[in-house]
There are 4 protein chains.
Amino acid sequence: MKSFASDNYAGVLPELMDALHTANQEHARSYGADDITDRTTQLFRDIFGTDVDVHFVFNGTGANVLSMGVATHSYNSVLCAETSHMYWDESTAPETFTGCRFIPTTINKDGKLTQETINERLIRKGDIHFAQPKVVSVTQTTEYATTYTLEELKAIGELTKSKDLYYHMDGARFFNAVAALDCSIKEMSTDVGLDLLSLGGTKAGMMFGEAVIVFNPELKKHMAYKHKQSMQLASKTRFIAAQFEALLSNDLWKKHATHANSMATLLEKSIKDIQGVDITKPVCANGVFAKHPESWNEQMWEQYPYYVWDEHTNEVRLMCSWDTTEEEVKGFTELMRKLSS
Amino acid sequence: MKSFASDNYAGVLPELMDALHTANQEHARSYGADDITDRTTQLFRDIFGTDVDVHFVFNGTGANVLSMGVATHSYNSVLCAETSHMYWDESTAPETFTGCRFIPTTINKDGKLTQETINERLIRKGDIHFAQPKVVSVTQTTEYATTYTLEELKAIGELTKSKDLYYHMDGARFFNAVAALDCSIKEMSTDVGLDLLSLGGTKAGMMFGEAVIVFNPELKKHMAYKHKQSMQLASKTRFIAAQFEALLSNDLWKKHATHANSMATLLEKSIKDIQGVDITKPVCANGVFAKHPESWNEQMWEQYPYYVWDEHTNEVRLMCSWDTTEEEVKGFTELMRKLSS
Amino acid sequence: MKSFASDNYAGVLPELMDALHTANQEHARSYGADDITDRTTQLFRDIFGTDVDVHFVFNGTGANVLSMGVATHSYNSVLCAETSHMYWDESTAPETFTGCRFIPTTINKDGKLTQETINERLIRKGDIHFAQPKVVSVTQTTEYATTYTLEELKAIGELTKSKDLYYHMDGARFFNAVAALDCSIKEMSTDVGLDLLSLGGTKAGMMFGEAVIVFNPELKKHMAYKHKQSMQLASKTRFIAAQFEALLSNDLWKKHATHANSMATLLEKSIKDIQGVDITKPVCANGVFAKHPESWNEQMWEQYPYYVWDEHTNEVRLMCSWDTTEEEVKGFTELMRKLSS
Amino acid sequence: MKSFASDNYAGVLPELMDALHTANQEHARSYGADDITDRTTQLFRDIFGTDVDVHFVFNGTGANVLSMGVATHSYNSVLCAETSHMYWDESTAPETFTGCRFIPTTINKDGKLTQETINERLIRKGDIHFAQPKVVSVTQTTEYATTYTLEELKAIGELTKSKDLYYHMDGARFFNAVAALDCSIKEMSTDVGLDLLSLGGTKAGMMFGEAVIVFNPELKKHMAYKHKQSMQLASKTRFIAAQFEALLSNDLWKKHATHANSMATLLEKSIKDIQGVDITKPVCANGVFAKHPESWNEQMWEQYPYYVWDEHTNEVRLMCSWDTTEEEVKGFTELMRKLSS
């Protein structure tokens with residue numbers, strides 16, 4: 001089965017399977033005290049261009065919740081996009097683990113937070129009756145598979161700095177965004193002023209594993225304790241580190257993210273003129289949002305599963321992965337065209 | 001490097017690497033809705049001989065905390081051995097996620113809870129000022145690498161049933177214990193009356209992954225929600241399931257657990273007569289506890305890392321793994337003998 | 001100083017001071033095991049016309065949070081009005097104590113939830129990634145000092161029953177609402193299908209103390225444990241019970257609530273024709289919402305403090321209390337009229 | 001009914017009833033922004049001889065839990081006496097609100113922690129797998145109604161300072177202890193190095209209300225937020241403050257605490273020679289611990305309720321209150337003597 005449902009339906013990059021084999025030698029110290037983890041941490045520091053701390057975790061919810069846990073007191077609130085994964089798709093893990101309130105914040109038509117919509121939420125500072133905002137969390141790429149520009153990211157970074165807030169990026173699809181913006185990893189993270197980054201590995205082709213990258217020195221001192229406490233510390237951490245090491249070496253991440261993005265571009269181009277199809281969001285990275293008649297779904301799903309984003313309008317989300325092929329895009333297009341006629 | 005430090009220093013069983021490769025085909029539905037997970041769950045039901053629910057999680061702390069979370073209200077307490085991993089080695093994850101109190105309960109000289117020591121803690125039932133006990137958690141094999149007999153486990157099961165408590169087993173080394181008792185998996189779980197089992201995969205030779213097995217129907221209804229909420233649900237769950245499927249097929253678990261256990265037996269036999277060495281606990285499974293002069297440690301560690309269990313007496317813990325070889329045991333013994341002379 | 005800021009600026013009803021004196025005799029069993037508490041609980045059962053459980057607590061936040069704690073699992077969400085006190089004015093106490101998400105739900109122009117706006121939030125039932133709604137909380141009187149009619153309350157009760165949700169009322173100003181609707185306590189609680197009621201005492205003229213009334217038998221079994229655990233159990237509970245006993249006897253609550261309501265009606269009538277004044281919400285109970293020029297505030301505040309509800313429009317909230325006098329209303333009106341001219 | 005069960009069975013000091021009446025004038029700003037609260041805070045600063053922050057709360061559990069909440073991160077542990085109220089009698093409020101572990105720490109025969117027993121628990125510093133100790137909490141008077149000497153308190157203060165721990169005193173019976181030691185309030189708090197004090201009002205004769213006193217400037221900045229979040233902020237705070245103001249004025253606390261203490265001394269003296277009676281703990285403040293035949297209990301309880309501390313030995317706890325009379329002590333003694341003969 002191949003699908004356009006989610007990039008987490010795809011398997012593991014062959015290069016990462018090789019890295020896992022290579023890492024599977026002899027004994028290694030557990031809980032991240034091994035050589036591969038050391039080496040990979042150094043690689044992260046080189047790439048991010050600054051002395052980041054790196055904490056390898058299991059999954060995206062873990063990365064986000066750990067990030068929020070270290071950045072807040074339990075009387076704080078977190079501002080996140082009203083569409084964000086953290087608000088809609090991580091059960092109550094954020095509240096249960098941090099005690100904080102998560103505030104759904106207005107997005108613009110491209111799915112992005114702005115200085116304006118964030119500012120609207122920055123009220124009643126110092127009022128003890130009101131959950132005090134402490135973190136702004138942006139998602140890059142957004143839930144609409146759009147990308148914040150570097151300028152937009154910097155603007156939010158300036159706001160958070162001036163307002164004594166921490167700046168977090170949920171980068172479940174960080175690599176797709178960097179590839180889409182054709183910039184460096186450093187430019188889209190360190191240089192925009194991030195304090196914390198949830199860096200996605202799984203959707204980029206790893207078997208499991210994400211990383212929390214800590215830029216702000218103030219946040220580093222509690223991280224190791226919170227990492228363990230949040231049930232996100234792997235005893236055989238070397239097998240997460242080894243995958244990241246391979247992904248970060250020789251721009252392997254870029255090769256695969258660029259491919260996934262280009263498949264989305266191809267998909268958009270292929271279907272946009274089909275009668276009944278309406279592309280609903282700008283295609284920036286590896287996802288295409290489109291409306292088409294609901295009656296098509298059943299037949300499409302037999303060959304190409306995908307998710308309906310908005311049931312009222314049959315807006316659907318079509319995600320491309322590292323392993324999406326031109327052939328699949330072509331097959332999807334032909335089937336759609338057949339249903340349209 | 002090879003060590004006697006912990007079975008989680010060891011890598012991944014070659015058979016499981018093969019299983020991971022086989023699982024890495026095409027797309028699969030995420031979050032456990034895939035075919036391999038279905039198939040493996042059925043396999044668990046066959047082996048446990050009852051209609052268990054199976055929830056694949058990332059690590060042992062996650063398995064324990066999820067188990068406690070589903071079995072308690074936040075005003076409850078959990079009785080666990082005063083030496084238990086859950087009490088000493090999982091930070092405050094148990095309290096933070098469940099809100100409960102964890103009560104260190106007296107063990108006997110072999111590291112085991114008994115009906116008597118549990119009963120001592122069952123006081124003030126119905127007193128709202130007192131955290132109400134709701135779960136008894138045993139660790140099999142124990143922290144002393146000893147094993148409860150089936151009769152001992154059944155006795156505790158009868159007690160918990162009669163006192164309206166849930167019965168949980170932390171089975172981080174479950175397979176070693178089953179191999180040591182030379183019984184079936186069903187006999188050491190379903191048949192002793194467990195409500196919940198944290199089944200260890202990582203120390204048995206998996207890359208990552210454990211499972212929470214739910215026997216009690218009452219506990220099943222909340223599990224899926226708690227599973228997600230506890231940040232322990234893998235998007236590519238198939239890669240945990242595939243490892244368990246391989247481990248449970250053709251008694252692969254038994255082969256490797258038996259080997260690790262036999263290496264511990266060999267180690268005990270090899271070193272027990274060395275002057276200065278004192279075996280301190282009965283050797284039942286894959287660990288040996290022994291005292292020897294502290295002055296030996298440094299030289300031993302250069303070749304064979306291990307942990308000091310009790311710094312006051314230099315009691316050390318020597319763990320054997322699926323990949324411990326006779327040669328290593330021999331090398332360790334020779335080095336010790338040299339230091340002794 | 002007398003003010004229109006909040007009914008919690010007012011002191012204690014003289015009749016309740018007398019009741020406190022009467023209760024201050026000899027020794028009484030602590031933590032609610034005393035005779036006055038017993039007697040008052042029985043009185044509650046008579047008045048609510050059903051076998052409610054009554055838990056005396058310290059304050060409104062405690063009453064709400066305890067109610068939510070007993071009605072939810074930590075993976076649940078609570079639907080509350082987007083203007084509700086629980087969402088805006090109780091810090092993160094709700095999240096920290098329950099682990100749940102609190103969902104701001106759309107209100108109509110009179111500040112009320114409706115079947116329609118609640119239904120919009122009842123999505124993704126059974127989806128483990130989504131915080132599952134379990135409670136609907138209405139505030140009566142609302143934050144706009146308006147009142148749900150009995151029919152509106154029943155409609156929500158029918159919805160919650162049909163959707164397997166619990167129905168909670170934040171009744172910080174419950175007595176004002178009953179007086180305004182000119183119905184019985186039973187008609188506005190038991191008969192509309194409430195599962196839980198936070199019954200306000202402080203704003204009704206008590207020195208301290210609220211009560212959580214539990215109608216649903218299913219919720220009763222955990223309440224006593226949760227009561228203690230939530231730090232809301234008074235050792236000298238008799239002094240809360242005694243105040244409620246006096247308040248519920250001889251319709252004392254009604255006398256004072258009716259007076260406060262009538263002062264608000266008088267205030268509205270007195271100021272509504274003053275040039276520059278615009279009454280912005282229907283006046284139903286003991287609060288008046290009005291807009292007037294911001295420039296008036298400073299001089300008004302010197303004599304009569306009040307809160308600005310909306311800084312953008314200078315909409316202000318004028319609360320009347322049990323001790324508001326006609327003279328004060330007259331003085332307020334005259335001052336306003338002077339500023340207007 | 002009069003009893004020796006607990007000092008919280010007693011009612012309210014007449015002087016405090018007067019203070020409540022005096023405070024019940026006109027309107028006052030809510031949530032502690034009133035004049036009486038200001039004035040009383042200043043009085044506390046004078047008496048403690050330093051610039052403490054004062055947070056008025058409802059009950060002892062609230063005071064303790066708020067103190068722990070502000071002094072810890074959720075990955076910390078708290079060392080408290082193995083007999084402490086916080087460990088045995090506050091349900092799981094401490095864990096649920098803070099996420100921390102509470103470690104029962106060995107006491108000496110007089111019910112006191114010592115540098116030695118605290119030190120035993122200060123292991124594995126910096127080990128992320130181990131809940132990191134951050135607070136030592138002593139109870140003064142202790143659960144055995146004994147008192148730490150000033151030297152003993154200072155010794156623990158020096159230890160906590162040297163080990164980067166916070167020093168908390170659960171002073172539910174703080175005034176009894178100061179009276180017993182015949183020192184000043186400042187000498188038993190500020191001067192021994194406390195960071196936080198839970199100061200008991202209820203058992204000293206208040207209707208309700210305790211105070212958290214914050215000595216450490218570092219802890220002050222989060223207190224107001226935590227105060228509200230912990231559901232312990234009274235809207236009509238003036239009625240707690242007014243009671244404390246009266247209690248602290250003209251050494252009113254001392255008069256009543258000294259009386260309660262002297263009644264315990266008299267009780268001990270009166271019963272110690274009765275055949276079958278064995279005084280089991282040093283009598284230092286307002287409690288007497290004694291063993292007598294279990295068969296006496298029923299008849300004693302008809303007139304003078306008290307609690308059995310240890311059911312195995314019928315060790316009982318006899319608490320004297322501000323309103324215990326010589327007559328009652330005499331009556332109790334006579335009854336006992338009658339049963340003895």
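Two strands are taken to pair if DSSP finds at least two bridges between them, and in this predicted model strand β6 (residues 196-200) of chain D meets that condition with strand β7 (residues 210-214) of chain D, the two being joined in the antiparallel sense over 5 bridges. Strands of a sheet pair through backbone hydrogen bonds, either parallel or antiparallel.

The β6-β7 pair belongs to an open sheet of 7 strands in chain D, whose order is β1-β7-β6-β5-β4-β2-β3 and whose pairing is mixed. At the edges of this sheet stand β1 (53-57) and β3 (101-105) of chain D, and because each has a single partner strand, one side of each is left without a neighbour in the sheet. Neighbouring strands of the sheet are turned against each other by 20 degrees on average, when direction is ignored.

Helices lie across this sheet. Helix α3 (residues 60-71) of chain D lies across β1, β2 (76-81), β3, β4 (132-139), β5 (166-171), β6 and β7 of chain D, and it runs at about 175 degrees to β6(D). Helix α10 (residues 238-248) of chain D lies across β1, β6 and β7 of chain D, running at about 115 degrees to β1(D).

From the fold of one chain we turn to the arrangement of the chains. Chain B can be laid on chain A by a turn of 180 degrees with a shift of 0.0 Å along the axis, and the RMSD is then 0.0 Å, which is the relation of a two-fold axis. Within chain B, the C-alpha nearest the axis is that of B:F97, at 3.2 Å from it. The same surface serves both copies, in that 100% of the contact residues of chain B recur in chain A.

The size of an interface is often given as the accessible area lost when the parts come together. Between chain B and chain A the buried area is about 4400 Å², of which carbon and sulfur atoms give 55%, and 49 residues of chain B are in contact with 49 residues of chain A. Of the area that chain B buries against chain A, 20% is supplied by B:H27, B:M231 and B:K236, more than by any other three residues. Across this interface of chain B and chain A the rule finds 0 salt bridges.

Chain B also meets chain D, where about 1900 Å² is buried between the two chains, 44% of it on carbon and sulfur atoms, and where 26 residues of chain D are in contact with 26 residues of chain B. Here the count is 4 salt bridges, and D:E95 forms a salt bridge with B:R101 in which the closest N and O atoms are 2.6 Å apart.

Over all chains the structure holds 60 salt bridges. Within chain D, D:K112 forms a salt bridge with D:E152, the closest N and O atoms being 2.9 Å apart. Because D:K112 lies in the loop between β3 and α6 (115-121) of chain D while D:E152 belongs to helix α7 (residues 150-162) of chain D, the pair ties together parts that are 40 residues apart in sequence. D:K112 is buried, with a relative accessible area of 7%, whereas D:E152 is partly exposed at 29%. In chain A, salt bridges that share partners join A:R45, A:D51 and A:D53 into one network.

A salt bridge in chain B links B:D164 with B:K134, with 3.5 Å between the closest N and O atoms. Since B:D164 lies in the loop between α7 (150-162) and β5 (166-171) of chain B and B:K134 in strand β4 (residues 132-139) of chain B, this pair ties together parts that are 30 residues apart in sequence. B:K134 is buried, with a relative accessible area of 17%.

Some features of the backbone remain to be noted. Most residues other than glycine have a negative phi, and most peptide bonds are trans. The peptide bond from A:Q140 to A:T141, however, is cis, with omega near -5 degrees, and A:T141 lies in the loop between β4 (132-139) and α7 (150-162) of chain A. In chain B a cis peptide bond joins B:Q140 and B:T141, with omega about -5 degrees.

In chain C, C:Y31 has a positive phi of about 60 degrees although it is not a glycine; C:Y31 is placed in the loop between α1 (14-23) and α2 (35-48) of chain C and is partly exposed, with a relative accessible area of 25%. Phi of C:D182, likewise a residue other than glycine, is positive and near 50 degrees, and C:D182, in the loop between α8 (174-181) and β6 (196-200) of chain C, is exposed, with a relative accessible area of 61%.

Technical notes
Residues are numbered from 1 along each chain as its sequence is written. Chains are lettered from A and ligands numbered from 1 in the order in which they are written. This is a predicted model: local features need pLDDT of at least 70, side-chain atom pairs count only at pLDDT 80 or more; totals for chains, interfaces and linings use all residues. Side-chain values use heavy atoms; hydrogens and water are left out. Helices (H or I, at least four residues) and strands (E, at least two) are DSSP runs, numbered from the N terminus. Axes are lines fitted to C-alpha atoms, for helices over the stretch in contact, and angles run from 0 to 180 degrees between N-to-C directions. Contact means heavy atoms within 4.5 Å. Copies are superposed by least squares on the C-alpha atoms of residues with pLDDT of at least 70 in both. A salt bridge is a side-chain nitrogen of Lys or Arg within 4 Å of a carboxyl oxygen of Asp or Glu. Buried means under 20% relative accessible area, exposed over 50%, partly exposed in between (1.4 Å probe, protein chains only). Buried area is the accessible area (1.4 Å probe) that two parts lose on being put together, summed over both.
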